[in-house]
Amino acid sequence: MALAVAIPFAASCSAEEPQTEQQQPFEPSGKTKTIIVYFSAEGHTKAVAEAIREETGSDIFRIEEADEYAANPYDDSDRIQNEAYNDLRPEAKTYLPEKQIAAYDTIFVGTPIWWHQPAMVVCTFLEHYDLSDKVIIPFVTFGARTYLNETMQKLYKSTPNSEHIPAQLPEDVDPDNIRQPQNDDDGIDVPTTRDVREWLERIGYGKGDNSGISSIVYDTRNDIAVYSLSGTRLNAIPENGIYVMNGRKYYSR
Ligand SMILES: Cc1cc2nc3c(=O)[nH]c(=O)nc-3n(C[C@H](O)[C@H](O)[C@H](O)COP(=O)(O)O)c2cc1C
């Protein structure tokens, strides 16, 4: 079958990537709790990832496949289709140490749509970690919007215990069918290099996160546990001010 969706539609930018580029060793800046991890063969997803980095000051890591794709990924279309349609998990060339991933609380995850799915190595990478206390924010580049939901659904399935932005996707009309469009993509908001700042605002990134609290642990011993921002257990909800109850921040006045 010809790959009808891929070539005629220009993606979000026109960067071309030299395929011989060496992976740089990853250096955490120590200044941010957000990391962008992305895969990109032709440079479009990379360009969006870089734009997000510029806006957010996040750290950034490029996921690469262990068994390299052809310099022109369309030459590997059959392999890529096989990986997508059979839900395979190609190995990544490099994984970040668990300890480094643990240092982040928010992970932007970028991928091209490849045969109606994420580049499957992105799923391999995500499933390598316990991301249960992370917020995952996926972004995709593509030729056509037809398989946005199929792709996002797979990224959410690869991070089953994480929080996601957006918290919910449109209903997946036919979860077992990734080969035909389901027309269930409306409402999925994706950034381009030109509107990353507006996209971040639309999805509410960074909002309400100025309390100085970097990590909140749910208190399973009590149904209702109220804490001050400094972590002191309170006997009741304060009449004024910000407090934390069962892992969420509240403000009463
Ligand atoms: C093998 C292959 C399959 C693709 N399949 C799809 C697809 O199913 N749907 C789509 O919208 N775009 C598809 N595309 C287009 C890419 O998603 C698009 O060009 C993307 O921006 C590439 O990202 P990159 O430059 O970061 O690699 C495909 C591209 C390739 C090479």
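**Group meeting: a walk through the fold**

Okay, let's start at a pair of strands: S7 (residues 226-227) and S9 (residues 241-245) run antiparallel and are joined by two bridges. Two strands count as paired if DSSP finds at least two bridges between them.

Quick housekeeping. This is a predicted model, where local features need pLDDT of at least 70, side-chain atom pairs count only at pLDDT 80 or more, and totals for chains, interfaces and linings use all residues. Residue numbers start from 1 along each chain as its sequence is written.

Val226 has Met245 as its bridge partner in S9. Both strands belong to an open sheet of four, in the order S8-S7-S9-S10, with antiparallel pairing. At the edges sit S8 (233-234) and S10 (248-252), each pairing on one side only.

Now, Tyr227, also in S7. Is Tyr227 buried or partly exposed? Tyr227 counts as partly exposed, because there are 18 C-beta neighbours inside 10 Å. The cut-offs: buried is 20 or more other C-beta atoms within 10 Å of the residue's own, exposed is 12 or fewer, and partly exposed is in between, with C-beta atoms placed from the backbone. Setting aside neighbours within four places in sequence, Tyr227 is in contact with Thr232, Arg233, Leu234, Tyr243 and Val244. Contact here means that the C-beta atoms, placed from the backbone, lie within 7 Å.

Let's move to strand S1 (residues 34-38). Five of its five residues are buried, so S1 is largely enclosed by the rest of the structure. In a regular strand, side chains alternate between the two faces of the sheet. Here Thr34, Ile36 and Tyr38 point one way, and Ile35 and Val37 the other.

What does S1 pair with? Strand S3 (residues 106-114) runs parallel to S1, joined by five bridges, and Ile35 stands opposite Ile107 there. Strand S2 (residues 59-62) is also parallel to S1, with four bridges, and Val37 faces Phe61 across that pairing.

On to the core. The largest nonpolar core has 43 residues, and Ile36, Val37, Ile63 and Val122 have the most contacts inside it. Its largest share, six residues, comes from helix H4 (residues 120-127). A nonpolar core is a set of buried Ala, Val, Leu, Ile, Met, Phe, Trp, Tyr and Cys residues joined through C-beta atoms within 7 Å. Beyond residues up to four places away in sequence, Ile63 touches Val37, Tyr38, Phe39, Ala92, Val121, Val122 and Phe125.

One more residue: Leu155, in helix H5 (residues 148-157). Leu155 counts as buried because it has 24 C-beta neighbours inside 10 Å. Beyond four places in sequence, its contacts are Val109, Pro118 and Pro138.

To zoom out, the chain has six helices and ten strands, and 31% of its 253 residues are buried. Of contacts between residues at least 6 apart in sequence, 71% join residues at least 24 apart.

How values were computed
Two residues are in contact if their C-beta atoms, placed from the backbone, lie within 7 Å.
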